[in-house]
Amino acid sequence: AKPGLPENPENLKVLVLGHSLAVDANHMLALVAAAEGYAGLTIGTLYYSGCPLYKHVNYIKNNSAVYELYLSSTTTPNKAPVITKGVTMEYGVKYADWDIIIMQGGVFEIAYDDKYQDGNIQFIQNYVNSIKTNPDSIFAWHMPWACPIDNELRDQYPYKPNSYYTSYEAFNNDRTTMYNAITGAVSRNIVTDDSFI
């Protein structure tokens with residue numbers, strides 16, 4: 001059976017292993033949670049730009065201090081997160097007794113079934129389980145959105161012109177096609193995986 005959310009979510013500690021889309025989502029999470037009255041929610045993002053799952057595996061194996069740890073809270077939802085640079089995944093996982101550890105795939109790999117089936121997700125989970133300080137923590141999955149295609153994002157921060165153009169060719173240069181590929185892959189590979197809530 002799938003694990004469930006903790007019974008008392010008011011003081012949850014949430015860590016996301018991800019990239020810039022996680023930073024965006026977590027900023028919004030702090031704002032929404034604060035508006036809903038969750039006074040003690042702490043949100044951490046162990047960030048590496050555009051990080052696909054295989055890079056997390058390499059950084060774990062080499063104990064690479066390449067991440068930035070972003071920390072936000074519902075007590076200060078409108079303030080910029082506190083950032084600690086040059087940390088390892090071990091540092092981020094052990095930083096707090098996280099209740100929920102959210103995983104996130106790379107921006108484009110999340111649309112392909114084989115990226116969920118190559119063992120990288122399980123490797124990361126096994127590593128986190130071996131070092132986490134809260135034995136009751138659970139895993140969740142963050143399904144990012146389909147990023148804008150080039151002509152939708154020119155001069156729009158944080159996107160750079162032409163940064164996603166070639167990656168969209170596999171989806172007929174259509175954002176909806178990519179979104180459907182993402183949701184299909186997540187449905188087939190994450191929703192059916194009992195290690196995720």
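User: Where does N134 lie in the chain?

Analyst: N134 is in the loop that runs between helix 4 (120–131) and strand 6 (138–141). Helices (H or I, at least four residues) and strands (E, at least two) are DSSP runs, numbered from the N terminus. The model is predicted, so local features need pLDDT of at least 70 and side-chain atom pairs count only at pLDDT 80 or more, while totals for chains, interfaces and linings use all residues. Residues are numbered from 1 along each chain as its sequence is written, and side-chain values use heavy atoms, with hydrogens and water left out.

User: What makes N134 count as buried?

Analyst: Buried means under 20% relative accessible area, exposed over 50%, and partly exposed in between (1.4 Å probe, protein chains only). N134 has 12% relative accessibility and therefore counts as buried.

User: Which backbone oxygen does the side chain of N134 reach, and at what distance?

Analyst: The side chain of N134 comes to 3.1 Å from the backbone oxygen of W98. A polar contact is a pair of N or O atoms within 3.5 Å; within protein, one must be able to donate a hydrogen and the other to accept it, and residues adjacent in sequence count only if both atoms are side-chain atoms. Contact in general means heavy atoms within 4.5 Å. With neighbours within four places in sequence left aside, N134 is in contact with D97, W98 and D99.

User: Is A96 buried or exposed, and what does A96 touch?

Analyst: A96 is buried, because its relative accessibility is 15%. A96 sits in the loop between helix 3 (89–94) and strand 5 (100–103). Not counting residues up to four places away in sequence, A96 touches K13 and T133. A96 and L15 are 81 residues apart in sequence, yet 8.9 Å apart in space, C-alpha to C-alpha.

User: Why is S130 called exposed?

Analyst: The relative accessible area of S130 is 57%, so S130 is exposed. S130 belongs to helix 4, and a polar atom of its side chain lies 2.7 Å from the backbone oxygen of Y127.

User: What makes helix 2 oblique to helix 4?

Analyst: The axes of helix 2 (residues 53–61) and helix 4 come within 9 Å and cross at roughly 40°. That angle makes helix 2 oblique to helix 4. Angles under 35 degrees count as roughly parallel, over 145 as roughly antiparallel, 65 to 115 as roughly perpendicular, and the rest as oblique. The axes are lines fitted to C-alpha atoms, for helices over the stretch in contact, with angles running from 0 to 180 degrees between N-to-C directions.

User: Which residues make the contact between helix 2 and helix 4?

Analyst: Helix 2 supplies L53, Y54, H56, V57, I60 and K61, and helix 4 supplies N120, I121, F123, I124 and Y127. These residues divide into eight nonpolar, two polar and one charged. Ala, Val, Leu, Ile, Met, Phe, Trp, Tyr, Cys and Pro count as nonpolar, Asp, Glu, Lys and Arg as charged, and the others, Gly among them, as polar.

User: How do you know whether H56 is buried or exposed?

Analyst: H56, in helix 2, has a relative accessible area of 2% and is therefore buried. The side chains of H56 and Y67 are joined by a polar contact of 2.7 Å. Beyond four places in sequence, the residues that H56 touches include L17, C51, M89 and I124.

User: How many helices and strands does the protein chain have?

Analyst: The protein chain has six helices and six strands. Of its 197 residues, 46% count as buried.
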